[in-house]
Amino acid sequence: MATTQETQATTQPSGPAFQREKHIQYFKRTLQMLPEPYTSQDTFRITLGLFAIGGLELLGVLEETISEANRKAWIEWIYSQQRIPSKDSPSEDDDALYGFGGPFSGLAFQEPTDGRQNLGCECSSHTTPYDTAHLTMTYTALLSLIMLGDDLSRVAKEPILKSLRKLQQPNGCFIPCITDYEPDMRFVYCAAAVSYILNDWSGVDKPALLNFIRESQTYEHGFAQSPRHEAHGGTTYCAIASLGLMGGDAFLDQRTMVRQEGETDSEFEERRSRAGFVDLEGTRRWCLQRQTTGFQGRTNKPTDTCYSFWIGGAIAAMGSFDLVNFECNRGFLMETQHKAFGGFGKWVDTYPDVLHSYMGIASLALMGEPGIRPLEPLLNISKRMQERLYNETVFWKK
């Protein structure tokens, strides 16, 4: 017998039409040239590119839209943004941060002309501390490389893991880079996703990370950016997805755990300390209460396109997406898509941007919208790309 989710996902949607072809054109234009309002975000170009590439992938036209020559050229450009140890690098306790960063005025893109592959920019004594790797860009670069068909063989895994250890704070949280002390749940998720993609968690102190996530669950049962702050849709997704990527006991619920037969008090408390949720059912309820038509990010806030994924993805990760009202959520998204340009705006009657456009498509993917590939919510990539990670990248296929 079909579940409620299967029934909703296979029923032909009613109401306004999904402007699939216009969305494809929107993402294509974004990849060709970012509009002027994105100028201030140029250092995040890899992340902006991921939204456009990911949108085309979910819409099922990635390979036919981006030529093989362009895919190869973009792979080379992404690797040129990788910060790797210099041959004359000092000792293992140097201050360099490795991984991927954004374009920097002092770092020109030089495509190799002698047949060599681009490995990245060597970090040495001449490298400014402001031209550094960034945790978010490392996560989005890895996903972009997978989508473009790279096997990740040039990724500097050990230096990245070394840098993760530097970025984790005493309370278990992460900061994005050495020069930016901004510790919150977003970078917890990026660290978890990077570790998962590299198939190596040795760069993360898991007990400290779990404790930070638990302490960030609020009285409302959503998750805040950090302890003693307000529950928020984006950070709730980041917390839940991080627990899902860690897997095992991390996705257990302390509130419902019971002592097993023969288990001592200390054994039970030790097992309980590995559980990531203080109250899973409360979190599920808080997320579901965020739906009005679409979803709001916080209590008493307006609905917003991106939270159709942030909250929707969190609910999907908890295995409860059948409890979402698909018709209301889809109806809201059909109103925020731009009828002339394609793409999705933050609210109804607003211009589209690449983040909200991708998140709108991702939410529709969770609902099984015709013409969109299925989504894996924990990594926020298509299930097709999840299989590529497992079967075609060097960190998993062996």
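Which residues line the largest cavity? L97, Y98, A133, H134, L135, T138, I160, S163, L164, L167 and P176 do so, lining residues being those with an atom within 4 Å of a point of the space. This is a predicted model, in which local features need pLDDT of at least 70 and side-chain atom pairs count only at pLDDT 80 or more, while totals for chains, interfaces and linings use all residues. Residues are numbered from 1 along each chain as its sequence is written, and side-chain values use heavy atoms, with hydrogens and water left out.

**Overall architecture**

- The chain contains 16 helices and 5 strands; these are DSSP runs numbered from the N terminus, helices being H or I of at least four residues and strands E of at least two.
- Of its 398 residues, 55% count as buried, that is, under 20% relative accessible area with a 1.4 Å probe and protein chains only.
- Among contacts (heavy atoms within 4.5 Å) between residues at least 6 apart in sequence, 71% join residues at least 24 apart.

**Cavity**

- The search of the whole structure finds 1 cavity of 30 Å³ or more; a cavity is a set of points, on a 1 Å grid over the protein atoms alone, where a 1.4 Å probe fits but cannot get out.
- The largest cavity holds about 60 Å³ of space, a volume being the space filled by probe spheres set on grid points joined across faces, edges and corners.
- Helix 6 and helix 7 (157-167) are the elements that give two or more residues to the lining of the largest cavity, and helix 7 provides the largest share, 4 residues.
- By class, this cavity lining comprises 8 nonpolar, 3 polar and no charged residues; Ala, Val, Leu, Ile, Met, Phe, Trp, Tyr, Cys and Pro count as nonpolar, Asp, Glu, Lys and Arg as charged, and the others, Gly among them, as polar.

**Largest pocket**

- About 960 Å³ of space lies in the largest pocket, a pocket being an open set of points with protein on both sides within 12 Å along at least five of seven lines.
- Its lining has 40 residues, of which F51, T136, R186, W310 and L355 are the closest to the centre.
- Two or more lining residues come from each of helix 3 (45-58), helix 6 (135-147), helix 8, helix 10, helix 13 and helix 15 (354-366).
- Helix 6 gives the largest share of the pocket lining, 6 residues.
- The pocket lining divides into 23 nonpolar, 12 polar and 5 charged residues.

**Helix packing**

- Helix 2 (residues 20-32) packs against helix 3 at about 145°, with the axes 9 Å apart; axes are lines fitted to C-alpha atoms over the stretch in contact, and angles run from 0 to 180 degrees between N-to-C directions.
- The crossing of helix 2 and helix 3 is left-handed, the near helix being turned anticlockwise from the far one by less than a right angle.
- In this contact, I24, F27, K28, T30 and L31 of helix 2 meet G49, F51, A52, I53, G55 and L56 of helix 3, giving 7 nonpolar, 3 polar and 1 charged residues.
- Helix 12 (residues 280-288) and helix 13 (residues 307-317) have axes that come within 10 Å and cross at roughly 145°, again in a left-handed crossing.
- W286, C287 and L288 of helix 12 and I311, A314 and I315 of helix 13 make that contact, which has 6 nonpolar, no polar and no charged residues.

**Burial of helix 9**

- In helix 9 (residues 206-215), the buried residues are A208, L209, L210, F212, I213 and R214.
- Their cover includes helix 8 (185-198) and helix 10 (233-246).

Technical notes: Buried means under 20% relative accessible area, exposed over 50%, partly exposed in between (1.4 Å probe, protein chains only).
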